[in-house]
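Take a moment with the sequence and the model before reading on.

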Amino acid sequence: MELCIIGSGYVGLVTGACFAEVGHHVICVDNDQRKVDMLRAGKIPIYEPGLEELVHRNVSAKRLRFTTSTQEGVDGSQVIFIAVPTPPQPDGSVDMTYIEKVAREIAAALKPGAYRVVVDKSTVPVKTGDRVQATIQRYNKEAEFDVVSNPEFLREGCAVPDLMKPDRIVFGANSDRAADLMKRVYEPFKAPIFVTDIASAELIKHAANSFLSLKISYINALSAICEASGADVELVADGIGMDKRIGRHFLNAGLGYGGSCFPKDVKAFIAIAEELGVPFHLMKEVERINAAQLERFLRKMRDGLWVLKDKHIAVWGLAFKPDTDDVRNSVAIELINQLVKEGAHVTAYDPKGMEKAREWKLIPDSVKLADSPLEALNGAEALVLATEWKEFANVDLDEVKKKMHTALVFDGRNFFNPKTMKELGFIYYSVGRPPAR
Ligand code: UGA
């Protein structure tokens, strides 16, 4: 099939590359000439395992190309996906200006007699489909089209496998014609396809991300109870997770959730519910617990180090989770900023996130960046593990101890084994787990 993706950001680029991989012809549109030039030159603006090879392979096979022209994208494609950003506004509600602008651009590009399906893939408030429909109609009375909502569930760091082998495909359509075309788009992925009305599909996305955030906040709230009672949150998570109705996924206690999705989507869902006249107090509590988790961790650090001012602290991890260079809304970054604010001298290391953290000025210039995990430790009075990169498991812990001034470890992701750490002579703090006996 001939497909167009408008917006070559995270979701747009990965989706376009995966559609091409299964045999569709894909044209990716982006209004950023620099980005399009970069992509045409074979350079990938984000780090995502497997993406670069996928893009190169499909560009060479002439199934994937890039343009800045919406007209060119719309002209030759049966289905047009909108994958532009929906950033948060200061009050938590979603900024819809990019979606609205693209809807008008599509309206201007649609030609009479050429039926098109316009698919919203960006994460949007419920009822956006109606708005997109009305906007296109208003700006082009002759356009023949249907609007579909097709939320995306890929995770950064494993976006390619998530897209190639999805648990389910969800889309909401109001016409059989549109639904049939969408089924043809997704048929090669051989995944269960769940078709709903448009509003339900839109809600499924916010409901899924909110529920996963809720699971994380639930286990984090439990971690505080475990610390107060001497229980071990990992064992509690394993024990409840064995119940298939609960499941073990997303029950890892730690510094809390971050990234460009959960914090924004929880806020947006709260705002949407408020607007609909049904305040979602439960999700407000999820947010509160998430913020409290970092504060509790910092308290632990103040307890262990007594005073943070002038302490040399090494931080392993800047990305909001492993296998990505995405440092937006990363709890690791928030933690570093707090440590610096309290007068600590921070040296950080992250396998992929250092460049963007610096470039986007997310950390103060005074934070030193090391070339390796061990280098970050020279003379450190404490090590904080903030992102659970696999690379950290390969670092020789004896070497870690030798490099440090004092062998104090604050593990924000329950990465190390408390017993091993004790045997090696570390003073070791983690989240919701008792010290090794
Ligand atoms: C999330 C969802 O998992 C995807 O399904 C969704 O498509 C995506 O948002 C989106 O809306 O685009 P992502 O933000 O890439 O994906 O990352 P996750 O793996 O979900 O992790 C989010 C945060 O939760 C990270 O900060 C992670 O460290 C934290 N987390 C996750 C925990 O603290 N504990 C856990 O048990 C799991």
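**Around the ligand**

Helix H9 (198-229) and helix H11 (262-275) each give at least two residues to the shell around the ligand. Helices here are DSSP runs of H or I with at least four residues, strands are DSSP runs of E with at least two, and both are numbered from the N terminus. H9 makes the largest contribution to the shell, three residues.

This is a predicted model: local features need pLDDT of at least 70, side-chain atom pairs count only at pLDDT 80 or more, and totals for chains, interfaces and linings use all residues. Residues are numbered from 1 along each chain as its sequence is written, and side-chain values use heavy atoms, with hydrogens and water left out.

Which residues come nearest to the ligand? Of the 20 residues around the ligand, they are Phe 153, Leu 154, Glu 156, Lys 205 and Asn 209. To be near, a residue needs a heavy atom within 4 Å of the molecule or strand in question. The shell holds nine nonpolar, four polar and seven charged residues. Here Ala, Val, Leu, Ile, Met, Phe, Trp, Tyr, Cys and Pro count as nonpolar, Asp, Glu, Lys and Arg as charged, and the others, Gly among them, as polar.

Now look at the backbone. A polar backbone atom of Leu 154 lies 2.7 Å from an oxygen atom of the ligand. For Gly 258, the distance from a polar backbone atom to a ligand oxygen is 2.9 Å. A polar contact is a pair of N or O atoms within 3.5 Å; within protein, one must be able to donate a hydrogen and the other to accept it, and residues adjacent in sequence count only if both atoms are side-chain atoms. On its own, the ligand has 710 Å² of accessible area, and the protein covers 92% of that. Such areas come from the Shrake-Rupley method with a 1.4 Å probe; for residues, only the protein chains shown count as cover.

Next come the sheets. Strands of a sheet pair through backbone hydrogen bonds, either parallel or antiparallel. Two strands count as paired if DSSP finds at least two bridges between them.

Strand S6 (residues 145-149) and strand S7 (residues 169-173) run antiparallel, joined by two bridges. Ser 149 has Gly 172 in S7 as its bridge partner. Contact means heavy atoms within 4.5 Å. Axes are lines fitted to C-alpha atoms, for helices over the stretch in contact, and angles run from 0 to 180 degrees between N-to-C directions.

Another open sheet has six strands, ordered S11-S10-S9-S12-S13-S14, with parallel pairing. Strand S11 (368-369) and strand S14 (427-429) stand at its edges with a single partner strand each, so one side of each has no neighbour in the sheet. Two bridges join S11 to strand S10 (residues 345-349). Ala 348 stands opposite Leu 369 in S11. Helix H13 (residues 331-341) packs on this sheet and touches S9, S10 and S12.
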